[in-house]
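Here is a short note for someone meeting this structure for the first time. Please read the points below with the model open.

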Amino acid sequence: MYQIKELFFAAFQNQRRRKKYTRTVFFLMFLSMVICIGVNSIVISIDGSIRNVTDKPLGKLLQIIDNTEDNSMINVLREELGGLDRIGSIGRLIPFLEVTWYDTEDILYSETVNVDVVAYFRGMDEYGMSGKYSDIAYGEVLIPEYLYGLGDYGLYEYTSGSLLIGKEIKISIHNNNNEKDYYHILRIVGTYDNINSDCINKFFFINDLQADEIYTQTNEDIEIDIEKMKELFKEELKKDPNMIDEDNYYTKHYIGVYVKNRSDVKEIQELIDETINQPTFIMQVPDESLLQYFQMILDICRIVVLMLLAVAFASLVITLLTEIKQRNGEIAVYFAMGYSYRGIILMLALEKAIMLFWAGLAAFLFTGAGILGGNYFIQTCLPFYRRTIVLSYDWSMVGSALLVLVVAALVSLFFTAIHIRKFNLADVMKSEWVKM
């Protein structure tokens, strides 16, 4: 134990005495780890944000066409699939239906604005920001936190939806068949994060039964539109009387099935098809070409990281091996002082271990502070529409970078051991005397 303490103290003193060399090796180790950990942390953060496109709520929401007059189809789905852990909710759904929002002069500096009414589903819970954002009841509405691009507000300014909680709003939908407007009063109960949920700027979520009711109102007096179509295609109908299917002329209802995060959407689609023999459609399909483009960029970044690690490995080995040849006189003195071959090798190993420890600790703290600072800057200083990327620390790269540096130190130590094994104390002392 005493010998280890003595060797550790000697290694520490050597580093303090040879400041230029110590700083060079420390800088190589530190810079290599900072670049590799930093770059790869950014890579996995962007990669995670891109992959989350498919995990956004609308990317996990399945749409099913229901042309039945009753609730038979949705009841079958609830009975057969409602108990599965992978399914969050099964309810009524509507396409993104545009409605007019009235009396918005004091909010958006415009008398009316157009927004999209969407049926609430369970996946919006995790994106809630203020007020009530789950189990939206009939007559309630969940609105975006960032109301931008509406009225006189452009894409770079917004008003907070939280300020409107508790207020009642008036909306109307227009029926193109009978040219009537249907009015509804909704009470704002909460807001959700429409940036990170990727629900653009104007999705207003209401109770699914009320959404189905509003959708039904838009299709009242559909017979008028059917008659118009018959008149428009009367010649074609003479040849094919079944060209217009009055029973399935329009979709009577929609069913929405929300698939929980980390569950396979395709598997649920297959289960639904087996249960009701009806195809399903994802409400928001990610742009595959965009995903592939970003994936290519990320792969290039990973290759750059590997190249940096290789350069760091080679530079460190060369630096350590070059340095040891300049310490022949010092090593000869250690031999003369009675240090054994094993003791000298252990002392050199301790030197490298000390430098590796401090370089690793400094790199860890530096990159950690950089990621925390980067997240703070993104979430507080950047515009609200740029806050979708959350930087995360790449712990796996910490281990990989450390492993590369340890291997580099061990390789240099191996060749150092060979060099010292061939050491001839008399020849070294003679050459050192000549230099003097």
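Among contacts in the protein between residues at least 6 apart in sequence, what percentage join residues at least 24 apart?

1. The figure is 76%, where a contact means heavy atoms within 4.5 Å. The model is a predicted one, in which local features need pLDDT of at least 70 and side-chain atom pairs count only at pLDDT 80 or more, while totals for chains, interfaces and linings use all residues. Residues are numbered from 1 along each chain as its sequence is written, and side-chain values use heavy atoms, with hydrogens and water left out.

2. The protein has 13 helices and 13 strands; these are DSSP runs numbered from the N terminus, helices being H or I of at least four residues and strands E of at least two. Of its 436 residues, 44% count as buried. Buried means under 20% relative accessible area, exposed over 50%, and partly exposed in between, with a 1.4 Å probe and protein chains only. The protein exposes about 23,600 Å², and carbon and sulfur atoms supply 58% of that area.

3. Salt bridges come next. Side chains of opposite charge can pair when their charged atoms come close. A search of the whole structure finds eight salt bridges, each a side-chain nitrogen of Lys or Arg within 4 Å of a carboxyl oxygen of Asp or Glu. One of them joins Arg92 and Asp66, with the closest N and O atoms 3.0 Å apart. This pair links distant parts of the chain, since Arg92 is in strand 2 (residues 87-93) and Asp66 in strand 1 (residues 61-66), 26 residues apart. Arg92 is buried at 6% relative accessibility, and Asp66 is buried at 0%.

4. Lys132 and Glu140 also form a salt bridge, at 2.8 Å from N to O. Lys132 is partly exposed at 31% relative accessibility, whereas Glu140 is buried at 10%. Elsewhere, Arg122, Asp125 and Asp135 are linked in a network of salt bridges.

5. The search for aromatic pairs finds 13 in the whole structure. Rings of Phe, Tyr and Trp (its six-membered ring) pair if their centres lie within 6.5 Å; planes under 30 degrees apart count as stacked, over 60 as edge-to-face and the rest as tilted. Tyr215 and Tyr254 are edge-to-face because their ring centres are 5.6 Å apart and their planes stand at 70°. Tyr215 lies in helix 5 (residues 208-218) and Tyr254 in strand 12 (residues 253-259), 39 residues apart. Tyr215 is buried at 9%, and Tyr254 is buried at 11%.

6. Phe364 and Trp395 make a tilted pair, 5.7 Å centre to centre with 45° between the planes. Phe364 is in helix 11 and Trp395 in helix 12, 31 residues apart. Phe364 is partly exposed at 31% relative accessibility, while Trp395 is exposed at 57%. A cluster linked by ring pairs holds Phe121, Tyr192, Phe205 and Tyr258.

7. Where is Asp394 placed? Asp394 is in the loop between helix 11 (341-381) and helix 12 (395-421), and counts as buried at 4% relative accessibility. Leaving aside residues up to four places away in sequence, Asp394 touches Asn40, Ser41 and Ile44.

How values were computed. Accessible areas come from the Shrake-Rupley method with a 1.4 Å probe; for residues, only the protein chains shown count as cover.
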